[in-house]
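Open the model in your viewer and keep the selection panel at hand. The tour goes from domains to their interface, then to annotated spans.

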Amino acid sequence: MAQATRIQITDVSKIYQTETKTVEAVKNFTESVKDGEFVCVVGASGCGKTTLLWCLSGLHPATSGTVHIDGELLTKPLPDRIGMVFQDSNLLPWRTLIENIELPFQIKKKAVNRKLVDELLDVAGLKGFENSYPGELSGGMKQRGSIVRALAQDPEVLLMDEPFGALDAFTREEMNLFLLKVWERTRKTIVFVTHSISEAIFLADRVWVMSPRPGRLSRIVDVDFPRPRDIDLQFEPKFIEILKSIREDVEGSKSGKGQ
Amino acid sequence: MATDNLADKIPDFNSATVNQGGNGPVDVSAIAGIRRAKGLKEIASVIALAIVVVTLLEFILIWTHTEAYVFPKPTAIIRSLFTDFPTLYWKPLTQTVQTFFLGLIIGSTIGLSLAVLVTLKPGLDIFISPYIIILVTTPMVALIPFLMLKFGFGMTPRVIAISLATGPMVMINSATGFRRTNAELIALGKSYGATEFQLFRKIRFPFALPMIIVGFMVGSIFGLLTAVGAEMVGGGMGLGNRLIYFSSLVQMSQFGAVLVIVATFGVGIYSFFTFINRKWASWDA
């Protein structure tokens with residue numbers, strides 16, 4: 001299923017300048033993501049994985065280096081081609097779920113794609129909750145709503161920034177299954193940032209392991225478990241083996257830097 | 001398939017109630033229902049207590065043979081309110097209301113515009129905020145003698161003072177509301193290609209609305225204070241002027257009646273904005 005390169009990251013560095021110090025959040029990052037590929041980025045906190053994702057979104061441009069989407073140099077957000085999902089569901093509390101899903105359409109001054117929205121709401125198990133306010137929904141439902149909002153724009157690339165980080169373990173498992181189900185249907189290109197190594201292995205085709213200070217790509221792990229994947233996958237010896245080896249990497253990179 | 005079991009409705013709803021602690025809209029209709037039921041009971045007991053207090057006051061004043069020029073009886077105030085309203089109070093009330101609303105409209109328009117300006121051009125606020133702080137902390141009544149020298153004894157000096165009292169309050173609160181808008185929400189809007197104006201209209205403004213309403217409420221109360229205070233300083237118009245007039249003639253029941261009208265005005269402002277807040281910003285409960 002190897003296809004054309006969707007995202008090309010070339011020598012990307014991102015330096016944050018605060019009043020007192022300079023932080024090299026990402027340093028000399030070069031990699032690519034193929035069309036329809038599911039890539040997870042893991043690493044200790046502060047390793048620059050979220051910064052990398054924001055560089056890919058066009059919201060925070062890289063200090064040096066380039067990002068190309070379908071061969072086109074990224075200089076600003078591409079609302080029709082890139083969808084973002086944040087750690088917080090970011091549903092506007094004064095709008096109902098459906099009004100939240102309609103927001104991007106309103107911003108783009110486009111007609112709402114009712115058919116796609118309906119289909120996505122159905123897959124997300126949110127049918128019947130269209131007119132609920134976010135405060136009336138559970139954490140999992142809100143996050144599914146925010147994924148529906150992003151997918152309703154039918155982007156080619158979905159960037160996800162620890163979207164399930166704030167959810168409890170059981171909800172998280174369900175969200176992982178939901179995301180795989182949606183992904184297997186739509187085959188979007190996904191870059192998914194997480195601090196959970198098992199989540200990364202469960203979801204991804206490839207896992208990028210990053211090490212902190214400065215944030216670099218330290219290792220790439222191919223995960224070739226067959227799909228569709230079942231939640232029991234995480235108890236298989238091979239899964240645990242990969243988990244252990246990535247874990248050692250992440251731990252090692254932390255202690256190596258004198259934390 | 002296991003993936004079909006996504007509608008985790010019952011456990012999800014339990015966690016939802018836990019999540020409701022912070023901000024975000026809880027079931028609006030339910031809360032409104034509870035409040036109203038509670039409110040009716042509370043309103044009844046509050047009114048009952050008020051009647052008891054006023055009656056008690058009346059009897060104490062009778063028993064102690066207190067003269068009207070020392071402390072007017074509640075019944076005398078109420079009688080004056082009803083009998084003298086068209087002749088003594090209506091005209092000054094309209095004068096106060098007029099200057100108050102004119103000042104509020106001018107002040108809040110300028111205040112809100114400045115808040116938008118400093119939000120869109122963040123560098124500007126270091127230049128504007130010193131003046132805003134001076135205006136907020138200085139009682140605008142103090143400007144009245146000066147303004148009267150400049151603009152005469154008509155409405156103008158008082159409208160200016162009221163604008164200066166309300167505007168900065170509206171501005172400070174609105175600007176804070178705009179600025180507090182969650183950075184991730186702004187990023188979300190930008191990721192969908194929102195223009196600065198769209199970000200304002202769709203995200204910043206609704207997010208700041210509860211704070212803006214509070215700004216209007218506090219600003220209005222400051223405005224009323226300034227309006228009545230300014231009328232007491234000079235100019236021969238409005239409720240403030242009547243307070244001076246009746247107290248100088250020692251017509252204390254009329255004085256009390258004007259005081260009741262001013263207080264009702266203030267409570268009216270408070271109730272109006274509380275109502276607006278519940279209507280438009282209930283998600284921030």
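Domain bounds here come from an automatic or database domain assignment. The model is predicted.

**Stop 1: the two domains.** Select residues 26-66 of chain B and colour them as domain 1. Then select 69-284 of chain B, which is domain 2. Taken over C-alpha atoms, the centres of domain 1 of chain B and domain 2 of chain B are 27 Å apart. Eight residues from domain 1 of chain B and eight residues from domain 2 of chain B make up the contact.

**Stop 2: the interface.** Keep both domains of chain B on screen. What area is buried between domain 1 of chain B and domain 2 of chain B? It is about 750 Å², and carbon and sulfur atoms give 71% of that. Now look for polar links. One residue pair is in polar contact between domain 1 of chain B and domain 2 of chain B, with both residues at pLDDT 80 or more. On the side of domain 1 of chain B that touches domain 2 of chain B, five residues are nonpolar, one is polar and two are charged. Across this interface of chain B, the rule finds zero salt bridges.

**Stop 3: the annotated spans.** An unreviewed UniProt entry lists "transmembrane region" for residues 43-63, 100-120, 132-153, 159-178, 207-230 and 250-273 of chain B. Select 43-63 of chain B: the span is 100% helix and 0% strand. Its end C-alpha atoms lie 30 Å apart. Move on to residues 100-120 of chain B. Here the chain is 100% helix and 0% strand, with 30 Å between the end C-alpha atoms.

Methods:
Residues numbered from 1 in each chain as written. Chains lettered and ligands numbered in written order. Predicted model: local features only at pLDDT ≥ 70, side-chain atom pairs only at ≥ 80, totals over all residues. Heavy atoms only, no water. Contact = heavy atoms within 4.5 Å. Buried area = accessible area lost by both parts, 1.4 Å probe. Salt bridge = Lys/Arg side-chain N within 4 Å of Asp/Glu carboxyl O. Polar contact = N/O pair within 3.5 Å; in protein donor to acceptor, adjacent residues only side chain to side chain. Nonpolar A, V, L, I, M, F, W, Y, C, P; charged D, E, K, R; others polar. UniProt positions renumbered as here; feature names shortened; annotations may be inferred. Helix = DSSP H or I, 4+ residues; strand = E, 2+ residues; numbered from the N terminus.
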